[in-house]
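Dear colleague,

My findings follow it, grouped by region.

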Amino acid sequence: PRRRHASSRELQLVLHEFTTLLEAGVGLVTSLSSLAKSSHHPGLTSAFAEMERSVRRGESFSSALRDSKLTVPEYFHQLVHAGEATGRLAESIRGGVQQFEYDQRVQREMVGAIIYPTVLVGSGITAVGIIFMWVVPRFGGLLTQHGDSMPALSRWTITAGVWLSAHAWMVMLTLVLLALAARAVFRLPGFVDRLAEWAA
């Protein structure tokens, strides 16, 4: 089955084709109609079909683009609006597509750079968790034999490991709830942007 949403790369490709048609002198309505009948992702072709109908009704292309719900950045809408006002629509869209591609490329590079330290941190946390859940509890008998003479840090470590092992289901449930809570928080509107600003 085809994916429900088009990828950013597919969106960039169809915008490239749209800009090329405009730069070649093809009319706006004809360009929209051509892409509405193309073999791109159904979500993209339906968006271009809706934009074509809106433009034929007399609406501006910038309004039709915003109503189409295509996942383009906000600056793309601003460029299209400016291009309509100045009569340089194709040039404005070309600049928006190039910036959009640059943003996506930087994002991919950042994700690639973060993967290695994320794997290291995740492996470290997993290793420590395995040690506390299965290895440390094996030394639980030392608490009853030499609990008073053991260093405090060793006693606390073994006690924590024994408790985690005995309440493994509670630990797993807590981790799942924390993951779901984190997912819900990251889906809040504007949260990722505020987090990026804070990190910057």
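**Findings**

Glu 84 counts as partly exposed, at 31% relative accessibility. Please note that the model is a predicted one. Glu 84 is placed in helix α5. Beyond its neighbours within four places in sequence, Glu 84 is in contact with Ser 60, Phe 61, Ser 62 and Leu 89. The C-alpha atoms of Glu 84 and Leu 21 are separated by 16 Å, and these residues are 63 residues apart along the chain.

**The nonpolar core**

Phe 61, one of the contacts of Glu 84, also belongs to the largest nonpolar core, which has 26 residues. Within this core, Phe 48, Phe 61, Leu 70 and Ile 93 touch the most other members. The elements that each give two or more residues to the core are α1, α2 (28-36), α3, α4, α5 (74-86) and α6 (89-135). The most comes from α3, with 6 residues.

When neighbours within four places in sequence are left aside, Phe 48 is in contact with Val 14, Phe 18, Leu 32, Leu 35, Ala 36 and Leu 70.

**Aromatic pairs**

How many aromatic pairs does the structure hold? There are 3 aromatic pairs. In one of them, the rings of Phe 18 and Phe 48 have their centres 5.7 Å apart and their planes at 65°, so the pair is edge-to-face. Phe 18 lies in helix α1 and Phe 48 in helix α3, so this pair ties together parts that are 30 residues apart in sequence. Phe 18 counts as buried, at 1% relative accessibility.

The rings of Phe 186 and Phe 191 also form an edge-to-face pair, because their centres are 5.2 Å apart and their planes are at 80°. Phe 186 is partly exposed, with a relative accessible area of 46%.

Ring pairs link Phe 18, Phe 48 and Phe 61 into a cluster.

The volume of the largest cavity is about 40 Å³, and the count of cavities of 30 Å³ or more comes to 1.

**Two further positions**

Which residue other than glycine has a phi near 65°? Lys 69 has this positive value. For context, most residues other than glycine have a negative phi. Lys 69 is found in the loop between α4 and α5. With a relative accessible area of 66%, Lys 69 is exposed, because the cut-off for that class is over 50%.

Is Pro 42 buried or partly exposed? Pro 42 is partly exposed, with a relative accessible area of 42%. Pro 42 has its place in helix α3. The C-alpha atoms of Pro 42 and Met 172 are separated by 41 Å, and these two residues are 130 residues apart along the chain.

With kind regards

Methods:
Residues numbered from 1 in each chain as written. Predicted model: local features only at pLDDT ≥ 70, side-chain atom pairs only at ≥ 80, totals over all residues. Heavy atoms only, no water. 1 Å grid on protein atoms, 1.4 Å probe; cavity = no way out; pocket = protein on both sides within 12 Å on 5 of 7 lines; lining within 4 Å. Points joined across faces, edges and corners; volume = space filled by probe spheres on them. Core = buried A, V, L, I, M, F, W, Y, C linked by side-chain atoms within 4.5 Å. Buried < 20%, exposed > 50% of the residue type's maximum accessible area, 1.4 Å probe, protein only. Helix = DSSP H or I, 4+ residues; strand = E, 2+ residues; numbered from the N terminus. Contact = heavy atoms within 4.5 Å. Phe/Tyr/Trp six-rings, centres within 6.5 Å; stacked < 30°, edge-to-face > 60°.
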